[in-house]
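Keep the model open and turn it as you read.

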Amino acid sequence: MSNVVPRGKVYVISAPSGTGKTTVIKRIKEIHPEIRFSISAATRNPRGAEVSGKDYHFMSKTEFMKKVEADEFVEWEEVFGNLYGTLKSELVDTVIKGEDVILEIDVKGALNIKKQFPESVLIFLQPPSIEELIARLTGRNTEKPEELERRIARAELEFSFSDKFDHCVINNDLDACVNEVLLLISKPKTFGGNL
Ligand code: 5GP
């Protein structure tokens, strides 16, 4: 990667499960539909209305490992037993065209990106407290108890990485959180509001 001179900016958003990252990102996409989000490769099954090529590039573990061998990833990690990775075609091709790109990846992937793109901006979204996060995860009732335990343990681990990020944004109030992230990615809301 050292021969790549990034021109667009790289922003990375990480958040423990249950922080409300999906809602925050959805709002950002509504306000700035032109922002380019990297679509990761993933080996898990699509959930709900998720679409391959839009939410993730869903693929089998065999296909994923073929891409690993062909050196098609900037980074990849195993999360909750599934493989997730940022494709060079999503990230490198975009920044060399001069476009900014946002990655929504886990904390280890974020630090890996920082090593390769020292100018990248790492943003950590956090819930007001770990207790609040546990309450949110439990309240959404989407996971079996075993899975819930796993997500809580993972959230605690992710939390411990927060001091390695350039910015931490607390998701206490959705609008305030979205506005803060928009300022960090140099895309303030250009209408209404109090910015
Ligand atoms: P989910 O299955 O809930 O969509 O994602 C599970 C975790 O994988 C989240 O923490 C998400 O940020 C992370 N993730 C998604 N895509 C990537 C990726 O390309 N690389 C890495 N390292 N993590 C990813």
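Start with strand 1 (10-14) and strand 8 (121-126): the two pair in the parallel sense over four bridges. If you want a spot to look at, S14 stands opposite F124 in strand 8.

Before going further, a word on what you are looking at: this is a predicted model, in which local features need pLDDT of at least 70 and side-chain atom pairs count only at pLDDT 80 or more, while totals for chains, interfaces and linings use all residues. Residues are numbered from 1 along each chain as its sequence is written, and side-chain values use heavy atoms, with hydrogens and water left out.

Next comes helix 4 (residues 107-116), whose buried residues are V107, G109, A110 and I113. These buried residues fall within an arc of 155° when you look down the axis of helix 4, so they line one face of the helix; the arc is taken from the directions that run from the helix axis to the C-beta atoms. As for the term, buried means under 20% relative accessible area, exposed means over 50%, and partly exposed is in between (1.4 Å probe, protein chains only). What do the buried residues of helix 4 pack against? Their partners include strand 1, strand 8, strand 7 (101-104) and helix 6 (145-159), where contact means heavy atoms within 4.5 Å. Strand 5 (73-79) and helix 3 (88-96) are also on the list.

Strand 5 leads us to another set of pairings. It pairs with strand 6 (82-87) in the antiparallel sense over six bridges, and one of the bridge partners to find is T86 in strand 6, which goes with E75. The hairpin of strands 5 and 6 has two residues between the strands, and F80 there takes a positive phi near 50°. F80 is a residue other than glycine, and so is D71, whose phi is also positive, near 60°. You'll find D71 in the loop between helix 2 (61-69) and strand 5.

Strand 6 has another partner as well: strand 3 (residues 41-42) pairs with strand 6 in the antiparallel sense over two bridges, and A41 stands opposite G85. Are the residues of strand 6 buried or exposed? Six of its six residues are buried. N82, Y84 and T86 point one way, and L83, G85 and L87 point the other way.

Y84 and E75 both turn up again at the ligand. Of the 15 residues around the ligand, Y84 is among those that come nearest, along with S40, R44, Y56 and D106; a residue counts as near if one of its heavy atoms lies within 4 Å. A polar side-chain atom of E75 lies 2.7 Å from a nitrogen atom of the ligand. On the oxygen side, K21 has a polar side-chain atom 3.0 Å from a ligand oxygen, and an N or O atom in the side chain of R47 is 3.1 Å from a ligand oxygen. The protein covers 91% of the 510 Å² of accessible area that the ligand has on its own, by the Shrake-Rupley method with a 1.4 Å probe.

Last stop: S162, in the loop between helix 6 and strand 9. S162 is buried, with a relative accessible area of 14%. Its side chain reaches the backbone oxygen of F159 at 3.0 Å. Leaving aside neighbours within four places in sequence, S162 is in contact with F124, Q126 and C168. That brings us back to F124, the residue opposite S14.

Key. Pairing = 2+ DSSP bridges. Polar contact = N/O pair within 3.5 Å; in protein donor to acceptor, adjacent residues only side chain to side chain.
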